[in-house]
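Please look over the model shown below before reading the notes on it.

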Amino acid sequence: MNGQDDIRRRYAEEIRAAAGVKSAALMEAFARVPREHFLGPGPWQVVKPGNGADHRYQATGADVARLYQDVLVAIDAARGLNNGLPSSLALWLDALDLQPGDRVYHVGCGVGYYTAIIAEVVLPAPAGGTPGHVMAIEIDPELAARARDNLAGYRGVEVHSGDGSAFDPGECDAIFVNAGATHPQALWLDRLSANGRLLLPLTATRKGESEGGGMLKVWRQGAGYGARFISLVYIFPCVGSRDEEHNRRLQKALARSNSEAVRSLRRDVHAENETCWLHGRGFCISTLPPEPDSERQGN
């Protein structure tokens, strides 16, 4: 084992401890994937936890060890666009319960670092099964081109440039939306497999500035959808998955501070009532319990 391998393994352990990650395969992926391959040579600009949304970057030198800390790293500092905080991404990916052989859709892949983490977990074929597959999409064509180059060594990964809310990925076992939406897209819900999981950051904005929100997990089994919030989230907006009506409704829902009461996502037609945490067009995030056969996916 060389020095960089040691650095990455210490980094993976730091992330595991910070995020409480349960998946050994996910932690092995963090220990293997070279972050510098995706972010390019230093110096870099980083934001440490606690600096929050004001993006007070600190310049680093070119020592690659600086990338193997739990920090945001600027992809485009002028836009405040970063390679996400490793402990946050680890927490969310762990909640997706990724498995070998899964078919995964990654919306908002940026330069592809976390797409590679996903790929390391799902591409190996399970015993007697078929290899996994990862589809990644990025709306910024320059970033999509970088991600495509960065991920060229992964068979079973494809990168698209376009709107992740409009692109049809086909049936998916897991969908990870890595940008803030005001509401779930019907297409994402439709494409979940029988045991499919969706991770979606619901975020509100005021006067164009993000107010943050919550990371929502939705899981499907039978005809029902269970749902619960995983964590708070502050993230870049998901173009194509935002509208002002849902933004206003989400602001009110977040202000009530009862997100822990969410239990399900409903798609049936019903009048808005006291069980509706966020009632929108074609969906309702509800405090009602999910169907009994869908509840266990949220445990």
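A disulfide is here a pair of cysteine sulfur atoms within 2.5 Å, and the structure holds zero of them. This is a predicted model, in which local features need pLDDT of at least 70 and side-chain atom pairs count only at pLDDT 80 or more, while totals for chains, interfaces and linings use all residues. Residues are numbered from 1 along each chain as its sequence is written, and side-chain values use heavy atoms, with hydrogens and water left out.

**Cysteines**
- The cysteine sulfur closest to that of Cys284 belongs to Cys276, at 3.4 Å, which is too far for a bond.
- Cys284 has 0% relative accessibility and counts as buried, where buried means under 20% relative accessible area, exposed over 50% and partly exposed in between, with a 1.4 Å probe and protein chains only.
- Cys109 is also buried, its relative accessible area being 6%.

**Helix H4**
- Helices are DSSP runs of H or I with at least four residues, and strands are runs of E with at least two, numbered from the N terminus.
- Helix H4 spans residues 86–95, and because eight of its ten residues are buried, the helix is largely enclosed by the rest of the structure.
- Among the buried residues of H4 are Pro86, Leu89, Trp92 and Leu93.
- After H4 comes Asp97, which has a positive phi, near 55 degrees.

**Asn150**
- Asn150 lies in helix H6, residues 141–150, and is buried at a relative accessible area of 12%.
- Leaving aside residues up to four places away in sequence, Asn150 touches His37, Phe38 and Val111, contact meaning heavy atoms within 4.5 Å.
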